[in-house]
Amino acid sequence: MEGERAAAARNVSSIQMLSVQPDTKPKGCAGCNRKIKDRYLLKALDKYWHEDCLKCACCDCRLGEVGSTLYTKANLILCRRDYLRLFGVTGNCAACSKLIPAFEMVMRAKDNVYHLDCFACQLCNQRFCVGDKFFLKNNMILCQTDYEEGLMKEGYAPQVR
């Protein structure tokens, strides 16, 4: 894990927005190779850029507008979202134990991560929708009915409020 953080840290660069002083010689843009005559320019990767030229290679967003960092890998300049989608750390689903790709949407319950399709009651297989109540007991996801039945078997009555 520590090595992964160090590798990611090497792929992160800061973006600085600088105002162009009227009495300075225009700098060349690393993106389009034209002179930057705008009021502001961006400095990133030890180069100067027009605000419109420093873009994510995947989604084309203007990197100066989405944050103060950019990510580089495989000769690509990327926003944080696309960098994580393409090269982020993957994990395993707590329900099926299969690999979850870094770009896939997931559900989380405490330290557990699940595929969307696996996020269901592990006794009756009822799938949960956004806003549904679920319970995590002994590292199992349970619907309210199965959770309450389990409590009854253990001799506890759920408190209804």
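These are my notebook entries on what I looked up in this structure.

**Starting point.** I am working with a predicted model, in which local features need pLDDT of at least 70 and side-chain atom pairs count only at pLDDT 80 or more, while totals for chains, interfaces and linings use all residues. Residues are numbered from 1 along each chain as its sequence is written, and side-chain values use heavy atoms, with hydrogens and water left out.

**Terms I kept at hand.** I call a residue buried under 20% relative accessible area, exposed over 50%, and partly exposed in between (1.4 Å probe, protein chains only).

**Salt bridges.** I looked up the salt bridges, each being a side-chain nitrogen of Lys or Arg within 4 Å of a carboxyl oxygen of Asp or Glu, and the structure holds five of them. Side chains of opposite charge can pair when their charged atoms come close.

Which residues are linked in a network of salt bridges? I noted E51, D52, R62 and E65 as the members of that network. Within it, R62 pairs with E51, their closest N and O atoms being 3.9 Å apart. R62 lies in the loop between β4 (47-49) and α2 (63-66), and E51 is in the loop between β4 and α2 as well, so this pair ties together parts that are 11 residues apart in sequence. R62 also meets D52 in a salt bridge, at 2.5 Å from N to O. D52 and R62 both lie in the loop between β4 and α2, so their pairing ties together parts that are 10 residues apart in sequence.

D117 and R127 both lie in the loop between β10 (112-115) and β11 (134-137), so the bridge ties together parts that are 10 residues apart in sequence. D117 counts as exposed because its relative accessibility is 59%, whereas R127 is partly exposed, with a relative accessible area of 46%.

**Surface patches.** For patches I take residues with over 30% relative accessible area and no salt bridge, joining like charges within 9 Å and nonpolar side chains (Val, Leu, Ile, Met, Phe, Trp, Tyr) within 5 Å. Which residues form the positive surface patch? I wrote down K25, K27, K35 and K37. Of these I followed K35, which lies in the loop between β2 (16-19) and β3 (40-44) and counts as partly exposed because its relative accessibility is 46%.

A nonpolar patch on the surface is formed by M105, M107 and L116, with about 280 Å² of accessible area together. I placed M107 in strand β9 (residues 106-109), and at 31% relative accessibility M107 counts as partly exposed.

**Polar contacts.** I count a polar contact as a pair of N or O atoms within 3.5 Å; within protein, one must be able to donate a hydrogen and the other to accept it, and residues adjacent in sequence count only if both atoms are side-chain atoms. Is N112 buried or exposed? N112 lies in strand β10 and is buried, because its relative accessible area is 11%. The side chain of N112 makes a polar contact of 2.8 Å with the side chain of N139. I found N11 in the loop between α1 (2-10) and β1 (12-14), where N11 counts as buried at 16% relative accessibility, and a polar contact of 2.8 Å joins its side chain to that of Y83.

In the loop between β2 and β3 I looked at P26, which counts as partly exposed at 32% relative accessibility. The C-alpha atoms of P26 and I36 are separated by 5.6 Å, although these residues are 10 residues apart along the chain.

L45 is not a glycine, yet has a positive phi of about 55°; L45 lies in the loop between β3 and β4 and is partly exposed, with a relative accessible area of 30%. I also noted N125, a residue other than glycine whose phi is positive, near 65°. N125 is found in the loop between β10 and β11, and is exposed because its relative accessible area is 59%.

Definitions and conventions. Accessible areas come from the Shrake-Rupley method with a 1.4 Å probe; for residues, only the protein chains shown count as cover. Lys and Arg count as positive and Asp and Glu as negative; His and the chain ends are not counted. The place of a charge is taken as NZ of Lys, CZ of Arg, CG of Asp or CD of Glu. Helices (H or I, at least four residues) and strands (E, at least two) are DSSP runs, numbered from the N terminus.
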